[in-house]
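Visitor: Could we go through this entry together? I would like to begin with the aromatic side chains and then move on to other topics.
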Amino acid sequence: MNNSRRNFLQKLTASFIAVPLLSKQSTASFDDRVNDFFYDGPVLRVAIMGLGSYGTRVADAIQACTKVKLVGAISGTPAKLTAWQTKYNIPEKNCYNYENFDAIKNNPYIDAVYIITPNSLHKDQTIRVAQAGKHVICEKPMALNAKEGEQMVAACKKANVKLLIGYRMHFEPKTLEVIRMRNAGELGKIMFFQGLTGFRIGDPTQWRLNKQLAGGGSLMDIGIYAINGARYMVGEDPIWVTAQETKTDNVKFKEGVDETIQFQFGFASGAAASCLSTYAMNGLDKFYLNAEKGFAEMQPSTGYGPIKGRTNKGELTQEHKTHQTVQMDEMAAIILEGKQPVVAVDGEEGVKDMKIIDGIYAAVKSGKKVNLKL
């Protein structure tokens, strides 16, 4: 920290210490003035829709952002809205429920809504937010299928708002280093990718095991990490898929809710991928990339962090930062500044994954290879 910045902060702090009692508004004003000194640019004002465990994780991460401010909340549970108003200093006028959130159209203090609700709600909620004239960040998977995803993309284009999907790994430093090595030719021709994603799921009554809400089972929830990972690690989209399902518990995993799916990709370059998605095995979070000149291995590969990995050149040592903090600041730059990310996070990216998921389910059902057109 240089002397001018240190002196500024000391003077600013002293001026506030001189005031015996600080209201929340005064404290917020102090924080804003300090942040403004470090970052003098536009700030994306975000409301979070869906105040569950992941919504809370994102809200907490936003507190460390420089380009994003949490200003609103949308929930069907009044008690959660009240708690968030207190915890995050959110004005009551910026709080909505699922019936009346269309009124954000008339709220100039909200720029974007991050949708973190069950999968089956994403399409309609995205379309409503877009029609209200606000940018959309939608958690993955973006929808129940590719058709819904395409409707979401079309609605956001029609409303002239951005649609981004919550692909936090696209901004993770170690992941980006492997992508850099591949793009620079340091690994040579890519030959094979393996993606393992899985854990033993608990509460059988949760929405992730409800076909109507989740649209499937492990594949929709965590298999999408291996699907998306195969694409950004190999550096191209698959052209075909084969898949097999294994189910050992028909009580917990009812019809249409997959327990374990193995799936394989073929790529135009000749590269191949073999992946596993499961709700029945613990400790599966591994990516492995094999190439002519080297390799990259990451384990854990997609967890909240820190990610650990190595390549043929040695251990990956990039600094760990809270994924959601980095993600939100980077998404603010995309929305406000037109920044182009190394790996896309737009609605079209989400639709590609949905087309692959549709293909995997079709391959499971038919037992045959399914050609993909992405």
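Visitor: Is Phe-193 buried or exposed?
Guide: This is a predicted model. In it, Phe-193 counts as buried because its relative accessibility is 0%.

Visitor: And Phe-287, buried or exposed?
Guide: Phe-287 also has a relative accessibility of 0%, so this residue counts as buried. The rings of Phe-193 and Phe-287 have centres 5.1 Å apart and planes at 70°, so they form an edge-to-face pair.

Visitor: Which strands do Phe-193 and Phe-287 lie in?
Guide: Phe-193 belongs to strand β7 (residues 190-198) and Phe-287 to strand β11 (residues 284-291), so the pair ties together parts that are 94 residues apart in sequence. Together with Tyr-232, Phe-193 and Phe-287 make up one aromatic cluster.

Visitor: How many aromatic pairs does the structure hold?
Guide: There are nine aromatic pairs. One of them joins Trp-84 and Tyr-88 edge-to-face, at 4.9 Å centre to centre with 65° between the planes.

Visitor: Where do Trp-84 and Tyr-88 lie?
Guide: Both are in helix α4 (residues 78-88), four residues apart, which is about one turn of the helix. Trp-84 counts as buried because its relative accessibility is 5%, and Tyr-88 is likewise buried, at 8%.

Visitor: Which lysines lie over the face of a ring?
Guide: Lys-93 lies over the face of Tyr-109, 4.4 Å from the ring centre. Lys-369 is placed over the face of Trp-240, at 4.5 Å from the ring centre.

Visitor: Changing topic to the sheet: what is the strand order?
Guide: Nine strands form an open sheet with mixed pairing, in the order β14-β13-β12-β11-β7-β10-β9-β8-β15. Its edge strands, β14 (314-315) and β15 (370-371), each pair on one side only.

Visitor: In which sense do β9 and β10 pair?
Guide: Strand β9 (residues 260-267) pairs with strand β10 (residues 272-278) in the antiparallel sense, over seven bridges. Within β10, Thr-278 is the residue that stands opposite Thr-260.

Visitor: What does the side chain of Arg-231 make a polar contact with?
Guide: The partner is the side chain of Asp-237, at 2.7 Å. Leaving aside neighbours within four places in sequence, the residues in contact with Arg-231 include Glu-236, Pro-238, Glu-349, Lys-352, Asp-353 and Ile-356.

Visitor: What about Gln-324, buried or exposed?
Guide: Gln-324 counts as buried because its relative accessibility is 2%. Its place is in helix α10 (residues 323-337). The side chain of Gln-324 makes a polar contact of 3.1 Å with the side chain of Tyr-54. Beyond its neighbours within four places in sequence, Gln-324 is in contact with several residues, among them Arg-57, Val-58, Ala-61, Arg-168 and Tyr-304.

Visitor: How many disulfides are there?
Guide: The count is zero. Take Cys-138: the closest cysteine sulfur, in Cys-156, is 9.0 Å from its own sulfur, so the two are too far apart for a bond. Cys-138 is buried, at 0% relative accessibility, and Cys-65 is buried as well, at 6%.

Visitor: Turning to the backbone, which peptide bonds are cis?
Guide: The bond from Lys-140 to Pro-141 is cis, with omega near -10°. Another cis bond runs from Gly-305 to Pro-306, with omega near 0°. Pro-141 sits in the loop between β5 (135-138) and α6 (146-158), while Pro-306 is in the loop between β12 (295-298) and β13 (309-311).

Visitor: Which residues have a positive phi although they are not glycine?
Guide: Asn-89 has a phi of about 55°, and Asn-160 has one of about 60°.

Visitor: Where do Asn-89 and Asn-160 lie?
Guide: Asn-89 is in the loop between α4 and β3 (95-96), and Asn-160 is in the loop between α6 and β6 (163-165). Asn-89 counts as partly exposed because its relative accessibility is 39%, whereas Asn-160, at 69%, counts as exposed.

Methods:
Residues numbered from 1 in each chain as written. Predicted model: local features only at pLDDT ≥ 70, side-chain atom pairs only at ≥ 80, totals over all residues. Heavy atoms only, no water. Phe/Tyr/Trp six-rings, centres within 6.5 Å; stacked < 30°, edge-to-face > 60°. Helix = DSSP H or I, 4+ residues; strand = E, 2+ residues; numbered from the N terminus. Buried < 20%, exposed > 50% of the residue type's maximum accessible area, 1.4 Å probe, protein only. Lys NZ or Arg CZ within 6 Å of the ring centre and 35° of its normal. Disulfide = S-S within 2.5 Å. Polar contact = N/O pair within 3.5 Å; in protein donor to acceptor, adjacent residues only side chain to side chain. Contact = heavy atoms within 4.5 Å. Pairing = 2+ DSSP bridges.
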